[in-house]
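Colleague: Hi, I'm new to this one. Could you walk me through it?

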Amino acid sequence: MGKANRKMNKNKKKKGQEMQSAMVQKLREELGALFAEEKYSDVINKLAELVQAGDYDPEMLYAGAYSYFMIGDYERSASMVENVLNFAPGHLAARILLARICILEDRTDDSLAIFDFVLEHGEGQLTQEQREDMEDILDYYGRNEADHLKAEFPHVAAFLGLAPAATPAAAPAAKAASFTVPAAPVEPAVSAAVPEASAVKVPASASAASQTASAESVEAEIQAVMSKDASLSDKVRLLQAFAGGHFTAGEYVAAAKLLETALSIDDKDINVIRNLAVLAKRMGKTDKALALAAKLPQTDFLLLDFLLQK
């Protein structure tokens, strides 16, 4: 009798999973249709249904980020982009959208740093439409700030034909500015839009020498930021930007060192604490991650949901 009950429960569970999968697929199709019709507010509401169903597909989250952008809510758009990149660090469209947000928020160098990172690590994967969009955006800076581009953003300069193709740097993460913004206010349409982050693997070709170079570059990055004539808040932002580049490259120890330096400047910064918690989880230190989450001024159920996942 026990065996029969187990079989019945197993069949019941399987049927439930099939129904859930069919519902998620239907919601994805509906969201895709709304997105194609440029019904951006409806996309956001449909995304809420998907998230409540437990689906964190990065393309659906990107559709939500783009929709927020199109209705002029740049803060929530940037927050959603962070979610996309947590789940899919190589999502080029999300990074391009983030660069556009930076420009609109008058953070030109952050934007150029993101474009430089995209071109350094993913130029061969860009679609023709993405290349044309980037050319349209970057053309102004090519005409008016050519020397600045050649000095600080060599891959952008090469893309615009201002300089020969840039040679990959020993520590490419230095330009990987990942614009960090305050978490968006909790709202039903996006309240659960924190994806289940997938592990980022360090390329198998990474040698011990390159790891040593990376460690040295971290010290150089920290020194460069700390010696910069900038406010403490700007230093925290820059340290997080560099940490984001190392995180994307799978260099978790380097990212941790940069974030810990940022925390030493401002131990109450919510973004730094959240980022450290996510990083600790990625490094397999769940207890430390939960301890960091407990330091937040308000309980973040979305973060906790991610940290408690097996």
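Predicted model: local features only at pLDDT ≥ 70, side-chain atom pairs only at ≥ 80, totals over all residues.

Colleague: Okay, let's pick a helix pair. At what angle do H3 and H5 pack?

Modeller: About 20°, and the axes of H3 (residues 58-70) and H5 (residues 92-104) are 11 Å apart. An angle under 35 degrees counts as roughly parallel, so H3 is roughly parallel to H5. Their crossing is left-handed.

Colleague: Which residues make that contact?

Modeller: From H3 you have Tyr-62, Ala-65, Tyr-66 and Phe-69, and from H5 there are Ala-93, Ala-94, Leu-97, Arg-100, Ile-101 and Leu-104.

Colleague: Is Asp-106 buried or exposed?

Modeller: Asp-106 is exposed, at a relative accessible area of 66%.

Colleague: Where else is there a residue other than glycine with a positive phi?

Modeller: Glu-38 is one of them, with phi near 60°. You'll find Glu-38 in the loop between helix H1 (2-36) and helix H2 (40-52).

Colleague: Buried or exposed, that Glu-38?

Modeller: Exposed: the relative accessible area of Glu-38 is 54%, and the cut-off for exposed is over 50%.

Colleague: Back to H6. What about Ser-111, is it buried or exposed?

Modeller: Ser-111, which lies in H6, is buried, with a relative accessible area of 1%. Buried means under 20%.

Colleague: Which residues is Ser-111 in contact with, leaving aside its neighbours within four places in sequence?

Modeller: Ala-99, Cys-102 and Ile-103 are in contact with Ser-111 on that basis.

Colleague: How do H6 and H7 cross?

Modeller: They cross at roughly 130°, and the axes of H6 and H7 (residues 128-144) come within 12 Å. That angle makes H6 oblique to H7. The crossing of H6 and H7 is left-handed.

Colleague: Who makes the contact there?

Modeller: H6 brings Thr-108, Leu-112, Phe-115, Val-118 and Leu-119, while H7 brings Met-134, Ile-137, Leu-138 and Tyr-141. Sorted by type, the residues of the contact of H6 with H7 are 8 nonpolar, 1 polar and no charged.

Colleague: Let's jump to H14. Which of its residues are buried?

Modeller: In H14 (residues 286-293), Ala-289, Leu-292 and Ala-293 are buried.

Colleague: Where do the buried residues of H14 fall when seen down its axis?

Modeller: They fall within an arc of 100°, so they line one face of the helix.

Colleague: Why would residues three or four places apart point the same way?

Modeller: An α-helix has 3.6 residues a turn, so residues with that spacing, three or four places, point the same way.

Colleague: Last one: what covers the buried residues of H14?

Modeller: The cover includes helix H13 (270-282) and helix H15 (301-307).

Terms used:
Residues numbered from 1 in each chain as written. Heavy atoms only, no water. Axes fitted to C-alpha atoms, helices over the stretch in contact; angles between N-to-C directions. Helix = DSSP H or I, 4+ residues; strand = E, 2+ residues; numbered from the N terminus. Parallel < 35°, antiparallel > 145°, perpendicular 65-115°, else oblique. Left-handed = near helix turned anticlockwise from the far one by under 90°. Contact = heavy atoms within 4.5 Å. Buried < 20%, exposed > 50% of the residue type's maximum accessible area, 1.4 Å probe, protein only. Arc of directions from axis to C-beta. Nonpolar A, V, L, I, M, F, W, Y, C, P; charged D, E, K, R; others polar.
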